[in-house]
Amino acid sequence: MEKTEIIKKFGLVPTDWITTADGVMIIRRPGIKKIQRVAGIEVLLTVMSSDKDHCALIAYGKMLNESEGHMAMVSAVGSATPRNCDHIFLHETAEYRAVARVVLELAGLKEGDVMSEDEVGHQPEVVKASKKS
C-alpha cells in the first residue's frame, strides 16, 4: 500500500508519521492507535516474563476480514530491556512494541516499508536516516 493510501485509509495526519530519507514510513504511537481503531483491531496482552530489568509480552490481535468473510488473527512478542530501550519505561515499551506489531500485521502494512516508531530503535541505519527528515 502506498503512503498516500495509508494516510487516507486510516485518517492519519502529518504528526502521525515520519518518512525517512530512504522512504521508510515510521508510524508514531497516535497513528498506530488510529490504524487500530479504523481497522477494528482488538488486542489482548499476556505477560511472558517480567522483572525490573526486562519485560516480554505477547499480543494477540484479531480483526474481521470482511472481504474474505473470516476473522484474521495474529500474535506478536514485544520485549524491552535496558539494552534495547532508551528509557526506564520497559513495560510500557514492551506493550507498545507488541501491539504495534499486531496492528501493522493485521492492517496489511507489515510487508511494505512501514514500521512503528519503537521498531527503529533496533535499526541504527533507519534512526540515522529519520533524523534527516
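A salt bridge is counted here where a side-chain nitrogen of Lys or Arg lies within 4 Å of a carboxyl oxygen of Asp or Glu. The structure is a predicted model, in which local features need pLDDT of at least 70 and side-chain atom pairs count only at pLDDT 80 or more, while totals for chains, interfaces and linings use all residues. Residues are numbered from 1 along each chain as its sequence is written, and side-chain values use heavy atoms, with hydrogens and water left out.

By the rule above, the count comes to four salt bridges. One of them joins K34 to D16, with the closest N and O atoms 2.7 Å apart. This pair links distant parts of the chain, since K34 belongs to helix α2 (residues 29-39) and D16 to the loop between α1 (3-10) and β1 (17-19), 18 residues apart. Helices (H or I, at least four residues) and strands (E, at least two) are DSSP runs, numbered from the N terminus. K34 and D16 are both buried, where buried means under 20% relative accessible area, exposed means over 50% and partly exposed lies in between (1.4 Å probe, protein chains only).

A salt bridge is also formed by R29 and E117, whose closest N and O atoms are 3.6 Å apart. Here the link runs from helix α2, which holds R29, to the loop between β6 and α4 (124-130), which holds E117, and the two residues are 88 residues apart. R29 is partly exposed, with a relative accessible area of 30%; E117 is partly exposed as well, at 27%. The charged end of R29 also sits over the ring of Y96, 4.4 Å from the ring centre. For such a placement, NZ of Lys or CZ of Arg must be within 6 Å of the ring centre and within 35 degrees of the ring normal.

Within α2, the buried residues include G31, I32, K34, I35 and Q36. Among the elements that cover the buried residues of α2 are α1, β2 (25-27), β3, α3 and β6. The helix is followed by G40, which has a positive phi, near 70°.

The strands β3, β4 and β5 form an open sheet of three strands in the order β3-β4-β5, with antiparallel pairing; two strands pair if DSSP finds at least two bridges between them. Because β3 (42-51) and β5 (70-80) stand at the edges with a single partner strand each, one side of each is left without a neighbour in the sheet. From one strand to the next, the twist averages 15°. Helix α3 packs on this sheet and touches β3, β4 and β5, its direction making about 150° with that of β5. Contact means heavy atoms within 4.5 Å, and axes are lines fitted to C-alpha atoms, for helices over the stretch in contact, with angles running from 0 to 180 degrees between N-to-C directions.

Nine bridges join β3 to β4 (residues 54-65), and the two strands run antiparallel. In this pairing E42 stands opposite K62 in β4. E42 and K62 also form a salt bridge, with their closest N and O atoms 4.0 Å apart. The pair links strand β3, which holds E42, with strand β4, which holds K62, the residues being 20 apart. K62 counts as partly exposed, at 34% relative accessibility.

A further open sheet of three strands has the order β1-β2-β6 and mixed pairing. Its edges are β1 and β6, each with a single partner strand, so one side of each is left without a neighbour in the sheet. Neighbouring strands are turned by 25° against each other on average, direction ignored. Three bridges join β2 to β6, and these strands run parallel. Helix α3 lies across β2 and β6, running at about 155° to β6.

S116 lies in strand β6, where I27 stands opposite S116. S116 is buried, with a relative accessible area of 1%. Not counting residues up to four places away in sequence, S116 touches I26, I27, I32, Y96, A100 and L104. D113, in contrast, is exposed, with a relative accessible area of 52%, and lies in the loop between α3 (90-106) and β6 (114-116). With residues up to four places away in sequence again not counted, D113 touches G23, V24 and M25. D113 and T19 are 94 residues apart in sequence and 9.8 Å apart in space, C-alpha to C-alpha.
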